[in-house]
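I have a structure open and want to record what I look up.

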Amino acid sequence: MSIVTVQLGQCGNQIGFEVFDALNTDSHCPQGLCSKRENEAYQASCKERFFSEEENGVPIARAVLVDMEPKVTSQTLSKAAQSGRWKYGQHSCFCQKQGSGNNWAYGYSVHGPRHEEAIMNLIQKEVEKCDSLSGFFIIMSMAGGTGSGLGAFVTQNLQDQYSNSLKMNQIIWPYGTGEVIVQNYNSVLTLSHLYRSSDALLVHENDALHKICAKLMNIKQISFSDINQVLAHQLGSVFQPTYSVEGSCHYRRNPLGDLMENLVPHPEFKMLGIRNIPQMSENSLAYSTFTWAGLLKHLRQMLISNSKMEEGIDWQVRPPLSGLPTFGKVSLNRELHFNTSIANLVILRGKDVHSADLGGFKDPALYTSWLEPIHAVNVWKTQRAFSKYEKSAALVSNSQFLLKPLDTIVGKAWNMFASKAYIHQYTKFGIEEEDFLDSFALLEQVVASYCNL
């Protein structure tokens with residue numbers, strides 16, 4: 001089944017390029033651990049998901065590029081074409097001459113309705129090329145104008161027109177130190193609208209990605225391209241094919257459906273995060289060896305201590321003892337020591353994958369009491385290695401990992417709103433004060449729900 005990717009704004013288009021490039025590069029890497037037949041099946045499965053018919057032997061990404069300024073989309077199209085390995089479709093791009101100036105309301109209320117027909121027609125053409133549609137993967141920023149405002153509008157339209165197809169939004173959480181003065185307003189409006197129209201929000205935090213580039217990849221001058229490559233690697237480690245059942249060589253057919261079924265058991269809880277291990281520079285990799293026991297021990301501790309990378313994990317954090325009351329376990333007034341999960345998906349790739357012991361992820365103490373561990377944790381595997389790693393593990397988690405950042409953003413936006421700061425920039429484009437109040441109410445409910453796990 002195929003996934004149609006919608007790349008929105010500067011952020012969405014730059015990330016989208018890196019994602020398709022990482023998927024294409026990995027699927028064409030010869031892997032000695034697998035037979036020729038298995039490698040070919042892996043390539044075919046990846047291609048069915050993310051690429052459509054070939055043009056002169058070059059696969060075409062199943063993607064629609066949308067931006068209100070032409071610069072980034074034209075750069076993205078030419079970079080893909082220059083790679084020679086894959087490209088975007090000739091008529092898969094929509095752009096205009098004027099951006100949204102970091103104003104969420106302008107993207108949502110002006111650009112959205114004005115260009116709705118043209119954008120939805122492009123998406124429909126892409127859908128028609130799919131033999132079978134798994135759903136939509138929408139890549140966007142959370143705090144900009146076009147990516148977030150127009151992104152929320154397009155997602156709403158997808159929900160209206162393709163109500164039976166799944167929608168997963170990949171959203172980029174802004175730097176905590178701030179990129180634009182109104183980023184907290186934009187973020188609150190984006191999240192609240194997506195919570196109503198999307199099936200799952202896959203969140204990447206800029207601060208965490210930046211830290212991975214600095215600490216694990218040893219990059220001195222970190223660019224957005226470096227950050228996007230780390231992000232693309234994490235997404236590839238989740239979305240590339242895995243076996244449909246233990247011991248088989250057949251790959252999963254419905255990637256989005258399987259992800260949602262395992263990770264979003266209740267519509268109140270839609271926030272997903274990715275951790276993966278190992279992630280390091282080529283130079284470090286030459287001197288490293290990995291065992292499944294070591295990788296999974298680190299990954300489990302990253303989960304429960306809410307660490308985004310393997311360096312600097314807090315090994316003091318322990319799950320509460322099952323059966324004992326956990327007084328004060330969650331309070332936003334103090335540090336959230338233990339990261340309670342609703343559901344986790346562990347994805348293992350590489351050598352001797354069937355020997356990996358995942359007992360540590362089946363501990364009931366890791367999970368909320370209303371879901372049995374047998375339903376709360378799932379494991380996907382394939383012997384085919386991913387990227388340059390002989391063994392690698394990824395974890396997609398629906399947990400309390402975003403509770404503090406979300407509470408912080410809602411609090412900052414509320415303080416600005418209480419003093420009426422910058423509200424006029426939104427009201428002149430049709431977003432009323434009631435819209436803000438509705439957004440605050442919805443997100444405060446989300447915070448409370450995750451807090452009470």
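In what order do the strands of the open sheet run? Before answering, I note that this is a predicted model, where local features need pLDDT of at least 70, side-chain atom pairs count only at pLDDT 80 or more, and totals for chains, interfaces and linings use all residues. Residues are numbered from 1 along each chain as its sequence is written, and side-chain values use heavy atoms, with hydrogens and water left out.

**Entry: the sheet.** I read the order as β6-β4-β1-β7-β8-β9-β10-β13-β11-β12. That is 10 strands with mixed pairing. Strands are DSSP runs of E, at least two residues, numbered from the N terminus. Two strands pair if DSSP finds at least two bridges between them. I looked up the edges next: β6 (93-95) and β12 (377-382) each pair on one side only. From one strand to the next, the twist averages 20°; axes here are lines fitted to C-alpha atoms, and angles run from 0 to 180 degrees between N-to-C directions.

**Entry: one pair.** I picked β11 (residues 341-350) and β13 (residues 391-399). They pair in the antiparallel sense, over nine bridges. L345 has V396 in β13 as its bridge partner.

**Entry: cysteines.** How many disulfides does a search of the whole structure find? I get zero. A disulfide is a pair of cysteine sulfur atoms within 2.5 Å. For C95, the nearest cysteine sulfur belongs to C93, 4.5 Å away. C95 is partly exposed, at 30% relative accessibility (buried is under 20% relative accessible area, exposed over 50%, partly exposed in between, with a 1.4 Å probe and protein chains only). C213 is buried, at 0%. Its sulfur is 14 Å from the closest cysteine sulfur, in C11, so it is too far for a bond.

How values were computed. Helices (H or I, at least four residues) and strands (E, at least two) are DSSP runs, numbered from the N terminus.
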